[in-house]
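Dear colleague,

Please find below the structure that I am handing over to you. My notes on it follow.

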Amino acid sequence: MIDIRFLRENPEAVKENLRKKFQDEKQPLVDEVIALDEESRRTQAEADELRAKKNRISKQIGALMGQGKKEEAEEVKREVAALNARLSELEPKEAEITEKIRSIMMVIPQMIDASVPIGRDDSCNVEIQKYGEPVVPEYEIPYHTEIMERFSGIDLDAAHKVAGNGFYYLMGDIARLHSAVLAYARDFMIDRGFTYVIPPYMIHSNVVTGVMSFPEMEAMMYKIEGEDLYLIGTSEHSMIGRFIDTLNEEAKLPYTLTSYSPCFRKEKGAHGLEERGVYRIHQFEKQEMIVICRPEDSMAWYDKLWQNTVDLFRSLDIPVRTLECCSGDLADLKVKSCDVEAWSPRQKKYFEVGSCSNLGDAQARRLRIRVKGEDGKKYLAHTLNNTVVAPPRMLIAFLENNLQEDGSVRIPEVLRPYMGGKSELRAE
């Protein structure tokens, strides 16, 4: 959500931003907000003037009564009553206009960074850089669930009976590998100076609308029936929500946090062959990283965050690339975003395993996350988030890139302490 003062002073820039995001249907909203804002300020000015006048003349009543000037006091009372009557008309109008402005501002997207490539959808995303040499072995790489089944490591049929499509049982060495990746990712981020956190897995609706746009919310979130609670789609939601209504000392910034959580997502839409198994699912676990920082530091942190993910995957010998998200592929709250994609030797292409986003002050404005500077002035923080690792998808990349010709799976050296010292997995 952008600052209404910025919209008021730069309406054409906001409209141009909408054009860049291919949201021309929202163009009239800019003029509507400006008109409502003018009406709001007129209404507030009149109401403030009436309140001041009411407070001023109300003090006269007691003095007049004390002087025995009853008729004059009654006249003042009638004037106060008239002021109250007008205020009773204006105050609901003030609230109504304020809510209209807020609801419109919630759907006008954040101003994107000038470096974001312009494009309608993810087909226009731009490759930034590749890390590691993608290899296609001479032997066949089976589908990831087939690899897991060789180790008696997955049961989709039982999960379907118990919970339906989009769920799974992981077992044995595959389940251990899943947990090992999370434990390694946790320690990897702690070693980089991040504080480890386990957050709530449910959040209130005001936090949901504070951290994401309405289209994202509808596509992702599971609502707890009869309660003001939603299951989180990522721990970023509750991690950013932790700072709601806070005034933070500038000297303590940045807050650098890494969090573990299960994640729950609707994942609507048709799913093709490559999205079966554990690629697109309703429940998974993830290690996340978030940063709360000064506005002038957010772009530097953005580069550090995605680099953390690249470094982690490379430490596990998985080739990756970074992909800059174009304007039409950015969610409304994002200023800039990139995906980290891992190499799939089976598909002979890269696929998404994580996403890094700079949200500027959008979340901070919605959640009222403020900073008190050393000069005493208050301003909105910037927030960023990035996937460290989400093991279900990461397992796909891991198994495909570490599968040996004899059917064994190599365990990279950094992961061996989390796997009981094993250097490889072999089917029994």
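Strands are taken to pair if DSSP finds at least two bridges between them. Helices (H or I, at least four residues) and strands (E, at least two) are DSSP runs, numbered from the N terminus.

Before going further, please note that this is a predicted model, in which local features need pLDDT of at least 70 and side-chain atom pairs count only at pLDDT 80 or more, while totals for chains, interfaces and linings use all residues. Residues are numbered from 1 along each chain as its sequence is written, and side-chain values use heavy atoms, with hydrogens and water left out.

Strands β12 and β13

Strand β13 also pairs with strand β12 (residues 336-344); these two run antiparallel, with nine bridges between them. V340 stands opposite G354 in β13. Four residues lie between the strands in the hairpin of β12 and β13, and K348 there takes a positive phi near 60°. Strand β13 (residues 349-358) is largely enclosed by the rest of the structure, because eight of its 10 residues are buried. Buried means under 20% relative accessible area, exposed means over 50%, and partly exposed covers what is in between (1.4 Å probe, protein chains only).

Helix α13

Which residues of α13 are buried? They are P391, P392, R393, M394, L395, I396, A397, F398, L399, E400, N401 and N402. Since 12 of the 12 residues of helix α13 (residues 391-402) are buried, the helix is largely enclosed by the rest of the structure. N401, which is found in this helix, is in contact with D317, I318, P319, W343 and P345, leaving aside its neighbours within four places in sequence. Contact means heavy atoms within 4.5 Å. N401 and V135 are 266 residues apart along the chain, and their C-alpha atoms are separated by 8.1 Å.

D317, one of the contacts of N401, lies in the loop between α11 (298-315) and β11 (320-324). Its phi is near 65°, a positive value in a residue other than glycine. D317 counts as partly exposed, at 35% relative accessibility.

In helix α2 (residues 11-20), the buried residues are V14, K15, N17 and L18. These residues are on the same side of α2, because they cover an arc of only 155° around the axis. The arc is that of the directions from the helix axis to the C-beta atoms. The buried residues of α2 pack against α1 and α3. After α2 comes F22, whose phi is positive, near 60°.

I112 lies in the loop between α4 and β1 (126-131), and is buried, with a relative accessible area of 13%. Not counting residues up to four places away in sequence, I112 touches N17, K20, K21, I118, S327, L330, K334 and V335. The C-alpha atoms of I112 and D332 are separated by 9.0 Å, although the two residues are 220 apart along the chain.

The second largest pocket

This pocket holds about 320 Å³ of space. Of its 14 lining residues, I4, D37, T98, I101 and R102 are the closest to its centre. The elements that give two or more residues to the lining are α1 (4-9), α3 (27-66) and α4 (70-105). On a 1 Å grid over the protein atoms alone, a pocket is an open set of points where a 1.4 Å probe fits, with protein on both sides within 12 Å along at least five of seven lines, and lining residues have an atom within 4 Å of a point. Grid points are joined across faces, edges and corners, and the volume is the space filled by probe spheres set on the points.

S235 lies in helix α10 (residues 235-241) and is buried, with a relative accessible area of 1%. Leaving aside neighbours within four places in sequence, S235 is in contact with P199, S259, S261 and E288. In the loop between α10 and β8, D245 has a positive phi of about 55° although it is not a glycine. P254 lies in the loop between β8 (246-249) and β9 (255-264), and the peptide bond from L253 to P254 is cis, with omega near 0°.

Yours sincerely
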